[in-house]
Amino acid sequence: MFRKYTPKKNVQKKVAYTDRFYVTPSIEKGIIKDEVILQAIKSLQDLGVEIIEQFCMREQAVVYVNPAQIVMALEILKNKHSYEQLVEMSAIDYLEKRSEFELFYELLSFKTNKRLRIKLCLSQNEHAQSATQIYHSASWAEKECYDMYGIIFDGHENLRRILMPDDWVGHPLLKSYPLQGDEFARWYEVDKLYGKEAREIIGDEIRDAAMIERYDTTRFAKIGKEVPRGAKYSEEEKKIEYTPDRIKFLYDDFSEENQKIIKGRK
Amino acid sequence: MNQLPNKLRPFYDNVAFDRSDNTMIINFGPNHPSSHGQLNLVLELQGEKVIKADPRIGYLHRGIEKMAENMTYNEFLPTTDRLDYIASTSNNYAFALAVEKLLNIEVPRRAQAIRLILIELSRLASHLFWIATHALDVGAMTIMLYAFREREYILDLFESYCGARLTHNSIKIGGVPLDLTDEWIKELTDLMSKIPAQIDLYEGLLSKNRIWRMRLEDVGVLPTNLAKSWSSSGIMLRGSDMQWDLRKERPYELYDEIDFDVPYATTCDSYGRYMCYMEEMRQIVKIIYQGVEIYEKTTPDLIADFGEYISASKEQIMTQNYSLMQHFSLITQGMRPPKGEVYVATESPKGELGFYIVSQGEPYAHKVKVRSPSFYHTGLLTDLLVGENLADVVTIIGSTNIVFGEVDR
């Protein structure tokens with residue numbers, strides 16, 4: 001018998017039910033009407049940047065450029081059209097459908113008060129170009145992008161992990177990375193703190209904080225039926241009392257006659 | 001002499017313990033009371049001067065963006081509370097606004113007025129928290145006691161509105177969950193009448209205080225170009241001689257109807273930023289009074305009427321069959337926004353908080369990118385700390401107003 005095939009490229013949560021006749025609507029892609037932005041796009045084209053697509057979605061201008069020319073495009077936009085701030089930069093994972101990433105650069109011009117989103121498509125093993133020479137903020141944005149997606153930026157001086165530990169394996173925001181962490185993540189802390197030989201003694205990390213194993217008497221006891229560590233699980237139910245009789249003398253009497261109700265702060 | 005990583009000393013890449021020169025490398029944090037969270041700052045010192053700073057983050061990383069891809073939009077809303085936990089309503093608001101932009105829906109005017117009051121209140125709470133902790137870092141302990149007292153009243157207001165003091169979740173996609181009561185409004189106006197005097201009190205204690213000025217003036221000077229290039233926003237940008245406030249530049253709520261001023265400082269130092277915070281708190285009081293005025297003139301609609309994406313009001317659900325059906329499918333499956341992408345930026349207390357959402361027409365977002373101001377403000381420390389004294393490092397971290405829930409996400 002063959003093992004059942006499960007898709008590996010996207011292991012994120014899937015929708016349980018979709019109506020057979022449901023047609024997914026799309027937001028309409030309009031034409032960019034803003035003169036200032038059109039001028040910037042035109043000057044990009046004039047200076048030899050290949051523009052693949054341009055549209056306006058929910059009043060926001062989006063421009064797709066050739067990935068090889070991104071640094072040039074950003075330089076032109078910064079120096080000639082006062083897009084002085086790279087507000088945000090990150091990637092979107094389309095590996096499942098198109099085997100490529102989309103990178104977006106959200107730019108802001110203080111002078112004209114316009115925002116422009118430059119996007120590019122990057123195939124799976126291709127390197128991106130670093131924009132650190134143009135914008136300081138690109139340095140950390142690219143580090144994060146590398147950490148989360150594994151995209152390598154050529155020209156970045158110190159491209160290493162930023163949010164995950166330095167010796168982490170895998171890139172967590174990929175669609176192929178499970179939400180609960182992979183096999184490496186499961187043993188990361190045990191391996192790091194105690195070494196691989198302690199795996200059997202300690203056991204893997206429980207990443208679901210709310211999970212209670214029913215018959216586990218070594219780490220988590222069944223709620224209400226606790227037994228000492230290692231002892232056998234007992235069927236007898238133990239009532240949990242938060243102030244047992246034997247320590248009641250430690251507490252004040254909270255009966256209603258003794259309560260004083262204060263209306264608001266002074 | 002580069003170290004080889006082994007089990008006991010795992011990874012100190014780029015940090016060579018080379019004793020031939022006069023510099024010393026120290027680790028500031030990750031467990032340091034003045035690092036405002038878990039910030040590991042590797043500082044290279046020449047005597048007392050910092051010659052290289054390397055902020056290292058990630059100690060509070062919970063994968064919120066990953067969680068966003070595995071949750072429906074309404075499920076994710078309470079998670080946004082955990083970003084900037086000092087002012088959680090502004091995170092809720094920013095996310096709700098982004099989803100509303102994606103769905104292209106209009107929020108009723110009363111809900112807008114309530115949102116305006118709530119986000120300004122959370123801004124005030126955040127600023128009060130900032131002045132309390134910042135002054136404590138610098139050494140003025142009294143302010144902390146005063147500012148926390150006022151913040152406590154604001155938390156009381158939040159508690160009586162939504163039941164929570166820290167993680168509010170007080171804004172819904174498409175509106176707000178509850179209306180304000182007359183009592184609440186009275187309490188709010190009572191509090192607002194007291195706040196300006198309190199701000200005068202803080203300023204009286206600090207603004208002309210010799211120690212305070214010596215610690216803050218000409219410390220942490222952030223030139224305008226560097227601020228722009230490091231993608232800084234909010235008071236970090238306004239403190240660097242830049243008149244830029246998204247509430248004025250791109251009014252998003254009722255801000256276009258409201259009369260308020262945006263303070264900015266030309267000195268580019270920590271003291272200028274402190275003055276901006278103080279003035280902004282006074283402006284918040286002004287905004288909230290106007291918000292209450294607008295609120296009183298509105299009709300009691302709290303949630304957008306858009307059954308396809310947003311559950312109708314309770315009354316509708318209980319009386320109309322079709323509303324109940326829509327509500328059922330929205331709760332069990334989640335809303336399915338159309339295919340597309342939006343980036344929506346708001347002026348949160350810390351700076352520009354933006355949500356970039358890519359939808360593929362499924363109940364789960366394809367990508368949610370949280371553009372948090374504190375992330376870049378932490379990166380900025382790389383350039384800002386160089387040339388400063390070790391004793392001023394704490395002051396500078398304090399004046400950047402970073403919150404690690406937002407930095408690490």
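Trainee: Which residue in strand 2 of chain B stands opposite B:Met24?

Mentor: Start with the general idea. Strands of a sheet pair through backbone hydrogen bonds, either parallel or antiparallel. Now the case here, in a model that is predicted. B:Met24 stands opposite B:Leu45. Strand 1 (residues 24-28) of chain B and strand 2 pair in the antiparallel sense, over five bridges.

Trainee: How many bridges join strand 2 and strand 3 of chain B?

Mentor: Seven bridges, and the sense is antiparallel. Strand 3 of chain B covers residues 49-56. Take one pair from it: B:Glu44 has B:Lys52 as its bridge partner. Two residues sit between the strands of this hairpin, and B:Gly47 takes a positive phi near 65° there.

Trainee: Is strand 2 of chain B largely enclosed or open, and why?

Mentor: Count its buried residues. Buried means under 20% relative accessible area. Six of the seven residues of strand 2 (residues 40-46) of chain B are buried, so the rest of the structure largely encloses this strand.

Trainee: Let's turn to chain A. How many helices and strands are there?

Mentor: Chain A has six helices and seven strands. Read from the N terminus, the elements run α-β-β-α-β-α-β-β-β-α-β-α-α. Buried residues make up 42% of the 266 residues in chain A.

Trainee: In what order do the five strands of the open sheet in chain A lie?

Mentor: The order is 1-2-5-4-3, and the pairing is mixed. Strand 1 (51-57) and strand 3 are the edge strands, as each pairs on one side only. From one strand to the next, the twist averages 20°. Look at one pairing inside the sheet. Strand 4 (residues 100-109) and strand 5 (residues 114-123) of chain A are antiparallel over ten bridges. There, A:Tyr105 has A:Ile118 of strand 5 as its bridge partner.

Trainee: Which strands does helix 1 of chain A lie across?

Mentor: Helix 1 (residues 35-46) lies across strand 1, strand 2 (60-65) and strand 5 of chain A. The helix runs at about 175° to strand 1 of chain A.

Trainee: Where does A:Asp93 lie, and what is its nearest side chain of opposite charge?

Mentor: A:Asp93 lies in strand 3 (residues 85-94) of chain A. For a salt bridge, the charged atoms must be within 4 Å. The nearest side chain of opposite charge is A:Lys175, 6.7 Å away. A:Asp93 is buried and has no salt bridge.

Trainee: Which backbone nitrogens lie 2.8 Å and 2.7 Å from a polar atom of the A:Asp93 side chain?

Mentor: The backbone nitrogen of A:Leu95 lies at 2.8 Å. That of A:Lys175 lies at 2.7 Å. A:Asp93 also touches a residue of chain B, B:His366. Other residues it touches include A:Phe101 and A:Tyr149.

Trainee: What is the phi of A:Ser99, and where is its place?

Mentor: Phi of A:Ser99 is near 55°, a positive value in a residue other than glycine. The residue sits in the loop between helix 3 (95-98) and strand 4 of chain A. A:Ser99 is partly exposed, with a relative accessible area of 32%.

Trainee: And is B:Ser231 buried or exposed?

Mentor: B:Ser231 is buried, with a relative accessible area of 0%. Its phi is positive too, about 60°, although it is not a glycine. Look for B:Ser231 in the loop between helix 8 (224-229) and helix 9 (235-238) of chain B.

Definitions and conventions
Residues are numbered from 1 along each chain as its sequence is written. Chains are lettered from A and ligands numbered from 1 in the order in which they are written. This is a predicted model: local features need pLDDT of at least 70, side-chain atom pairs count only at pLDDT 80 or more; totals for chains, interfaces and linings use all residues. Side-chain values use heavy atoms; hydrogens and water are left out. Helices (H or I, at least four residues) and strands (E, at least two) are DSSP runs, numbered from the N terminus. Buried means under 20% relative accessible area, exposed over 50%, partly exposed in between (1.4 Å probe, protein chains only). Lys and Arg count as positive and Asp and Glu as negative; His and the chain ends are not counted. A polar contact is a pair of N or O atoms within 3.5 Å; within protein, one must be able to donate a hydrogen and the other to accept it, and residues adjacent in sequence count only if both atoms are side-chain atoms. Contact means heavy atoms within 4.5 Å. Two strands pair if DSSP finds at least two bridges between them. Axes are lines fitted to C-alpha atoms, for helices over the stretch in contact, and angles run from 0 to 180 degrees between N-to-C directions. Lists of a residue's contacts leave out its neighbours within four places in sequence.
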